[in-house]
Amino acid sequence: MIPRNQWYVAGYGREIGRELFSRTICGESILFWRTRAGQVTAMSDRCVHRRFPLSEAPTRLVDDQVVCGYHGFTYGADGRCTAVPGQTRVPRTARLTSYPVAERDSFVWVWIGDPERADASRIPRAPWLDSPGYTTVSGMEPLRARFGLLVDNLLDLSHETYLHGGYIGTPEVASTPITTEVDEEAGVIYVSRHMDDAECPPFYARSTGLSGRITRWQDIEYTPPCLYTLHSRIAPVGVTPRADGSDPDAFHVEVVYAITPETEHSTHDFWAVARDFALDDQAVSVFLAEQNRTVVLQDVAALDVLETVLAAEPAGYQELSINIDTGGLAARRLLKRLAEQATPVAAVS
Ligand code: FES
Ligand SMILES: [Fe+2]
């Protein structure tokens, strides 16, 4: 079940401009565009007249108004209809559902649910993505699987050893135990795996220039439902952070995912890799972008197959969980809680 009354990443700021842009989020087709002042605006992508998709030509943006390409119903940035053909009176109910939006850290976030409850101060942050101390590469891959499968996948990185061997997986990832912590009040899950002496996978060897064995830390921070960050620390074996907390001899990579349900059975898999080294090295950017996209597509291929199989199973299929699943199970529990909180309890008469 998809939690409502939540912020979800709808796209990157760079995707939304003066062209009409449509994306389905949590089953809702939403039209995005930027006003002349640069503000992102979001409204239903279905004309109230005959439901023509407003993202389809010949619908167009005229100044800050959307003119439906079918019969000309015209809408302002707030979704209100301002003109209809053949009459001066605009029906009072002629209004597109409009969605709260906010831009943060290069993402455009959209609120799905009761607009009265939207509080942009509660959007989880990923400051590395547009911070001057980091260089970021990013993208999005469509996933034909329910978003919970991607959450399971990202919370249990032991799969790197098998599914991503030769890219980011080495034997030590699967063989090193994890620790899991849940901040119930903040609704954040932390999963950590610290490898003291590990093989350096190509992803990090080629990007950092390290050869030989490494200390590799994976510290996951997941704020359900949408934002996931893997704080990754790579250093030569034995190099530890200094007493003052600084860590100049290590390489830091923030691997950020935004997990946005498109429908009950499909997901937008936004990924970004921010690094604090080789900031101006274009070859490193190209390499990391290509590597991470390959890794994401390996997950997509596996999860697409898994979705097909699970969709054909009877409800309540059996699984067997072990220690590596503690993060994923905690995530399922918090997601269920969020989904239940958003469902109004039927009044008892
Ligand atoms: S469907 Fe949009 S004006 Fe008729
Ligand atoms: Fe993966």
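**Exercise 1. State what share of the protein chain is buried, and describe its overall form.**

Solution. 
Step 1. Of the 349 residues in the protein chain, 48% are buried. A residue is called buried when its relative accessible area is under 20%. The model is a predicted one.
Step 2. The radius of gyration of the chain is 22 Å; a compact globule of 349 residues would have a value near 20 Å, so the two agree.
Step 3. The C-alpha trace spans about 75 × 55 × 40 Å along its principal axes.
Step 4. Take the contacts whose separation is 6 or more: 58% of them join residues 24 or more positions apart.

**Exercise 2. Decide whether L155 is buried or exposed, and find which residues it touches.**

Solution. 
Step 1. Locate the residue: L155 belongs to helix α1, which covers residues 147-155.
Step 2. The relative accessible area of L155 is 1%. The limit for a buried residue is under 20%. L155 is therefore buried.
Step 3. Leave out residues up to four places away in sequence; L155 then touches I189, V191, I220, Y222, Y228, G327, G328 and A331.
Step 4. Compare sequence with space: L155 and A330 are 175 residues apart in sequence, yet their C-alpha atoms are 9.4 Å apart.

**Exercise 3. Work out the strand order of the open four-stranded sheet and name its edge strands.**

Solution. 
Step 1. The protein chain contains six helices and 18 strands.
Step 2. Four strands form an open sheet in the order β2-β3-β4-β9, and their pairing is antiparallel.
Step 3. An edge strand pairs on one side only; here these are β2 (21-25) and β9 (98-99).
Step 4. Within the sheet, β3 (residues 28-34) is joined to β4 (residues 40-44) by five bridges, in the antiparallel sense. W33 stands opposite T41 of β4.
Step 5. As a general point, strands of a sheet pair through backbone hydrogen bonds, either parallel or antiparallel.

**Exercise 4. Describe the hairpin of β10 and β11, and say which residue in it takes a positive phi.**

Solution. 
Step 1. Strand β10 holds residues 101-104 and strand β11 holds residues 107-112; four bridges pair them in the antiparallel sense.
Step 2. One bridge pair is V101 with V110, the latter in β11.
Step 3. Two residues lie between the strands of this hairpin, and D105 takes a positive phi near 55°.

**Exercise 5. Find how many positive and negative side chains the protein chain has.**

Solution. 
Step 1. There are 32 positive and 46 negative side chains.
Step 2. The centres of these two sets lie 9 Å apart.

Technical notes: Residues are numbered from 1 along each chain as its sequence is written. Chains are lettered from A and ligands numbered from 1 in the order in which they are written. This is a predicted model: local features need pLDDT of at least 70, side-chain atom pairs count only at pLDDT 80 or more; totals for chains, interfaces and linings use all residues. Side-chain values use heavy atoms; hydrogens and water are left out. Two strands pair if DSSP finds at least two bridges between them. The radius of gyration is taken over C-alpha atoms; the globule rule is 2.2 Å times the number of residues to the power 0.38. Buried means under 20% relative accessible area, exposed over 50%, partly exposed in between (1.4 Å probe, protein chains only). Contact means heavy atoms within 4.5 Å. Lys and Arg count as positive and Asp and Glu as negative; His and the chain ends are not counted. The place of a charge is taken as NZ of Lys, CZ of Arg, CG of Asp or CD of Glu.
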